[in-house]
Amino acid sequence: ATDAEADIWLTAISTSIHRPTKPMILALKPLLTGPSSRKAYLTVSSLINNFCTLNEGCDSDGDIQTIIRTFTEQLRYNCRQESSDDHENVLMALKALGNTGHAQSAVPTLQRCAANTELPMELRVAALQSFRRMACLADTTELFNLLSNIENDAELRIHAYLVLMTCPNSVTLDRVLRLLEAEEVNQVGSFIWTHLTNLQETSNPHKQQNQSHLGKRTTEEDI
């Protein structure tokens with residue numbers, strides 16, 4: 001099959017198979033090192049997400065984690081690029097890790113990528129977007145470092161904030177509110193203020209605890 005035919009086939013798989021089995025995913029593993037590997041990364045990672053949604057224990061499943069390590073290895077230590085092809089390879093690997101939703105083992109690498117000032121902003125933001133489906137982080141120090149550093153690009157800081165707010169606790173909310181009080185960059189401050197305002201007004205029952213905490217804080221001091 002030509003590369004174009006392989007791409008069409010991979011697209012069809014990712015959009016039509018909603019209940020993949022592990023043997024099905026493993027059968028596609030050889031494609032991760034072939035000429036259509038970039039497309040295969042997105043297809044296989046989407047199938048992993050579907051599989052893990054239906055089956056518990058993916059974070060300790062050796063077969064699944066081996067594939068996730070294949071994605072992570074493309075990032076090296078901190079997504080550093082050594083050739084002209086590296087940009088697209090790294091970008092596809094970051095998107096694949098984000099697709100899986102079960103790449104906790106890659107968290108230290110993703111944080112180093114986001115903090116790597118030598119990378120194009122697209123890759124640093126993509127590293128943060130890779131957290132979108134993951135479980136809550138136990139240690140948010142690096143994310144707060146990215147958010148609080150006013151020398152960082154506003155887009156990067158906003159994405160760091162959004163990762164922090166995927167599952168905030170009272171400590172996170174307090175730190176964000178303190179940061180907002182002293183924020184010097186209008187784009188970042190306006191985004192956070194609007195986001196927190198919307199959070200206060202939401203009817204989502206899963207966010208009621210945060211809503212209550214924000215309400216308590218903001219009766220004492222105006223955001």
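This is a short tour of one protein chain, stop by stop.

**Stop 1: the whole chain**

Start with everything selected. The model is predicted. Colour the chain by pLDDT. The average is 87, and 88% of the residues score at least 70.

Now switch to a cartoon view. How many helices and how many strands does the chain have? The count is 12 helices and 0 strands. Of the 223 residues in the chain, 44% are buried.

**Stop 2: Tyr41 in helix H3**

Select residues 37–54. This is helix H3, and Tyr41 lies in it. Is Tyr41 buried or exposed? Its relative accessibility is 4%, so Tyr41 counts as buried. Tyr41 and Asn99 are 58 residues apart along the chain, yet their C-alpha atoms are separated by 9.5 Å.

**Stop 3: the loop between H4 and H5**

Move to the loop that runs between helix H4 (62–73) and helix H5 (86–100); Arg76 sits here. Cys79 is found in this loop too.

- Arg76 has a phi near 55°, a positive value in a residue other than glycine.
- Cys79 has a positive phi as well, about 70°, and is not a glycine either.

What does accessibility say about them? Arg76 has 31% relative accessibility, so it counts as partly exposed. Cys79 has 0%, so it counts as buried. The cut-off for buried is under 20%.

**Stop 4: Pro108 in helix H6**

Select residues 107–115 to show helix H6, where Pro108 is found. Pro108 has 41% relative accessibility, so it counts as partly exposed. Pro108 and Glu142 lie 34 residues apart along the chain, and 9.5 Å separates their C-alpha atoms.

**Stop 5: the largest pocket**

Rolling a probe the size of a water molecule over the atoms shows where empty space is left. The largest pocket has a volume of about 200 Å³. Which residues lie nearest its centre? Select Leu137, Thr140, Leu164, Cys167 and Thr172. They belong to a lining of 16 residues. Helix H9 (154–164) and helix H10 (170–182) are the elements that give two or more residues to this lining. H10 provides the largest share, with 3 residues. Sorted by class, the lining has 11 nonpolar, 4 polar and 1 charged residues.

**Stop 6: helix H10**

Stay with H10 and look at its start. There, a side-chain oxygen of Asn169 comes to within 3.1 Å of the backbone nitrogen of Val171.

Next, check the length of the helix.

Which residues of H10 are buried? Select Thr172, Leu173, Asp174, Val176, Leu177, Leu179 and Leu180. Look along the helix axis as you do so. An α-helix has 3.6 residues a turn, so residues three or four places apart point the same way. Thr172 is on both lists: it is one of the buried residues of H10, and it is among the residues nearest the centre of the largest pocket.

Notes: Residues are numbered from 1 along each chain as its sequence is written. This is a predicted model: local features need pLDDT of at least 70, side-chain atom pairs count only at pLDDT 80 or more; totals for chains, interfaces and linings use all residues. Side-chain values use heavy atoms; hydrogens and water are left out. On a 1 Å grid over the protein atoms alone, a cavity is a set of points where a 1.4 Å probe fits but cannot get out, and a pocket is an open set with protein on both sides within 12 Å along at least five of seven lines; lining residues have an atom within 4 Å of a point. Grid points are joined across faces, edges and corners, and a volume is the space filled by probe spheres set on the points. Helices (H or I, at least four residues) and strands (E, at least two) are DSSP runs, numbered from the N terminus. Ala, Val, Leu, Ile, Met, Phe, Trp, Tyr, Cys and Pro count as nonpolar, Asp, Glu, Lys and Arg as charged, and the others, Gly among them, as polar. pLDDT is the predictor's confidence in each residue, from 0 to 100. Buried means under 20% relative accessible area, exposed over 50%, partly exposed in between (1.4 Å probe, protein chains only). A polar contact is a pair of N or O atoms within 3.5 Å; within protein, one must be able to donate a hydrogen and the other to accept it, and residues adjacent in sequence count only if both atoms are side-chain atoms.
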